[in-house]
Amino acid sequence: MITELQPNEIFVFGSNLQGMHGGGAALIAYRKFGAIMGQGVGLQGQSYGIPTMQGGVETIRPYVDEFITFAKEHPTLTFLVTRIGCGIAGFTDEEISPLFEKAHEVENIILPPNW
């Protein structure tokens, strides 16, 4: 459970496309780390939203790929990835973690245990 961030750390959370950060990690991102109500994707304060509520796992992949590219382009930031999609969205770790396979090569992305 992430409760504080250093100035260079970014809280990566599962969102919805409408940016209605009403529960789970999205609500934490909104209340504590600068997520913007109405923005469902990308950097927002010290948080980064990845939409997970719009369909199946394959609808999440493009957003994960976009995030990984963004992290590579911002090497001075450290991205702390929550178990996106594994709460309110209802996916399992086994369904979501393969989407982050390329993230293992990126030094400034910290994934959940066992991902």
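Where is Met1 found relative to β1?

1. **Before you start.** Residues are numbered from 1 along each chain as its sequence is written, and this is a predicted model in which local features need pLDDT of at least 70, side-chain atom pairs count only at pLDDT 80 or more, and totals for chains, interfaces and linings use all residues. Side-chain values use heavy atoms, with hydrogens and water left out.

2. **The start of the chain.** Met1 is in the segment before β1 (9-15). Strands here are DSSP runs of E with at least two residues, helices are runs of H or I with at least four, and both are numbered from the N terminus. Met1 is exposed, at a relative accessible area of 86%; exposed means over 50%, buried under 20% and partly exposed in between, using a 1.4 Å probe and protein chains only. From Met1 to Gly85 the separation is 84 residues in sequence and 15 Å in space, C-alpha to C-alpha.

3. **Strand β1.** Seven of the seven residues of β1 are buried, so this strand is largely enclosed by the rest of the structure. In a regular strand the side chains alternate between the two faces of the sheet. Glu9, Phe11, Phe13 and Ser15 point one way from β1, while Ile10, Val12 and Gly14 point the other way.

4. **Partners of β1.** Strands count as paired if DSSP finds at least two bridges between them. β1 runs parallel to β4, joined by four bridges, and Ile10 has Phe79 of β4 as its bridge partner.

5. **The largest nonpolar core.** A nonpolar core is a set of buried Ala, Val, Leu, Ile, Met, Phe, Trp, Tyr and Cys residues joined through side-chain atoms within 4.5 Å. The largest one has 25 residues, and Phe67, Phe100 and Ile109 have the most contacts inside it. At least two residues each come from β1, β3 (47-51), α2 (61-73) and β4 (78-81), with α2 giving the largest share, five residues. Apart from this core lies another, of eight residues, including Leu5, Phe33, Ala35 and Leu80.

6. **A look at Ile109.** Contact means heavy atoms within 4.5 Å. Leaving aside neighbours within four places in sequence, Ile109 touches Phe67, Ile68, Ala71, Phe79, Val81 and Ala103.

7. **One backbone detail.** Asn114 sits in the segment after β5 (109-110). Although Asn114 is not a glycine, its phi is positive, at about 70°. Asn114 is exposed, with a relative accessible area of 80%.
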